[in-house]
Amino acid sequence: MLNMLKQVADIKNHIAKVQEIMQRVTATAEAGGGLVKVTATGNQRITKIELDPEIVDRSDMTMLHDLIVAGVNKALDEATEAGQNELRNHTNSLLPQDMDLSKLGL
């Protein structure tokens, strides 16, 4: 029983470390040839959106919205991939190489 409790504590500590790593990892993606730049963390948080002033055209807000969505989605994908790579580097011996951490909410 004590061994099981120790394993649970070890898993909790490991999860906390994983979450810390994912928060530190960032990725910046561009859309519209660099007109929109979005930065996201490995735990799927947008930290920055930059818009080139040339793209702000009140007569075509649909294009602006589409580029922002594209940039956000690309940044989230790249941040997820960067986070998973970073985790593999830190936990090589603990996680299978083909484990998809996004299914764990990490």
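The buried residues of helix 1 pack against strand 2 and helix 2; contact here means heavy atoms within 4.5 Å. Among the residues of helix 1 that are buried (under 20% relative accessible area, with exposed over 50% and partly exposed in between, using a 1.4 Å probe and protein chains only) are V18, I21 and M22. The model is predicted: local features need pLDDT of at least 70, side-chain atom pairs count only at pLDDT 80 or more, and totals for chains, interfaces and linings use all residues. Residues are numbered from 1 along each chain as its sequence is written, and side-chain values use heavy atoms, without hydrogens and water.

Helices (H or I, at least four residues) and strands (E, at least two) are DSSP runs, numbered from the N terminus.

| Element | Residues |
|---|---|
| Helix 1 | residues 2-24 |
| Strand 1 | 26-31 |
| Strand 2 | 36-41 |
| Strand 3 | 46-51 |
| Helix 2 | residues 61-90 |

The 3 strands form an open, antiparallel sheet in the order 1-2-3. Strand 1 and strand 3 are the edge strands, each pairing on one side only. Two strands pair if DSSP finds at least two bridges between them; strand 1 and strand 2 have 6 bridges in the antiparallel sense. T26 has T41 in strand 2 as its bridge partner.

Helix 2 lies across strand 1, strand 2 and strand 3, at about 150° to strand 1. Such angles run from 0 to 180 degrees between N-to-C directions, with axes fitted to C-alpha atoms, for helices over the stretch in contact.

G32 sits in the loop between strand 1 and strand 2. G32 is partly exposed, with a relative accessible area of 36%.

Methods. Expected span 1.5 Å × (residues − 1).
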